[in-house]
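Okay, thanks everyone for coming.

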Amino acid sequence: MDALPLSLCKDLRTTMRKQKKVSESYVIMTELVLPNDTNTLHNLMGGKMMHWMDIVSAIAAQKHSNRIVVTASVDNVSFRESIKLGNVVTLEAKVTRAFSSSMEVHIVVYAEDIPSGTKVLSNQAFFTFVAVDQSGKAIDVPEAIPETEEEIKLYDGALRRRQLRLVLAGRMKPSEANELKSIFDIKESVQG
């Protein structure tokens, strides 16, 4: 029996790729802002927030991939509201889309002042993780299957965000970022 051509093997591997629902990666983490977590204005330090965001998103990526993961990139982290000493911080994370070995994770952060009964959206961000084996080599991850309207919206935008990350990192030429070109309705110039 003849061996299958390499291109067909790759196609079969892609179509046989394991799938997991986005909801299976969902993680909630809760923290209390203590004095050691704050700056001189008694607000949560940004570095502490980034630390917590990295942890919750890494757990989501591990749940999706069932592998060790490493942080590959952090997109824009928006700080909408300051978080005060004594606030309860709730971080929610889930994988939005998985590529071959990388996963984009969306994190949403809420700050709650329990005595006053107020809760505000404080932060959002996208982190990217790569699944690795024991020797640190990148390995394939399951495809992420979105189900809800919000999951589908995040899934659909993930390819554009990925291309933007790759262009900014110098790993993709802007002319190759087809998803980004479609946003700006950029037409290829015809040289004749």
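**Starting from S102**

So, S102 touches R97, T128, F129, V130, V141 and R162, if we skip residues up to four places away in sequence. Before going on, please keep in mind that this is a predicted model.

Where does S102 sit? You'll find S102 in strand β6, which covers residues 102-113. And is S102 buried or exposed? S102 counts as buried, because its relative accessibility is 11% and the cut-off for buried is under 20%.

Now let's turn to the second largest pocket. Its volume is about 250 Å³, and 14 residues line it. S102 shows up again here: along with T128, R162, L166 and R171, S102 lies nearest the pocket's centre. Two or more lining residues come from each of β3 (68-74), β6, β7 and α3 (149-168). Which element gives the largest share of that lining? That's α3, with three residues.

Last stop, the largest nonpolar core. This core has 32 residues, and M53, L91 and M103 touch the most other members. β2 (27-32), α2 (46-65), β5 (88-98), β6 and β7 (118-132) each supply at least two of its residues, and α2 gives the largest share, seven residues.

Take L91 as an example. Leaving out neighbours within four places in sequence, L91 is in contact with residues including V27, I28 and M29, then M49, W52, M53 and V56, and also V108 and V109. E31 is another contact of L91.

Methods. Residues numbered from 1 in each chain as written. Predicted model: local features only at pLDDT ≥ 70, side-chain atom pairs only at ≥ 80, totals over all residues. Heavy atoms only, no water. Helix = DSSP H or I, 4+ residues; strand = E, 2+ residues; numbered from the N terminus. Buried < 20%, exposed > 50% of the residue type's maximum accessible area, 1.4 Å probe, protein only. Contact = heavy atoms within 4.5 Å. Core = buried A, V, L, I, M, F, W, Y, C linked by side-chain atoms within 4.5 Å. 1 Å grid on protein atoms, 1.4 Å probe; cavity = no way out; pocket = protein on both sides within 12 Å on 5 of 7 lines; lining within 4 Å. Points joined across faces, edges and corners; volume = space filled by probe spheres on them.
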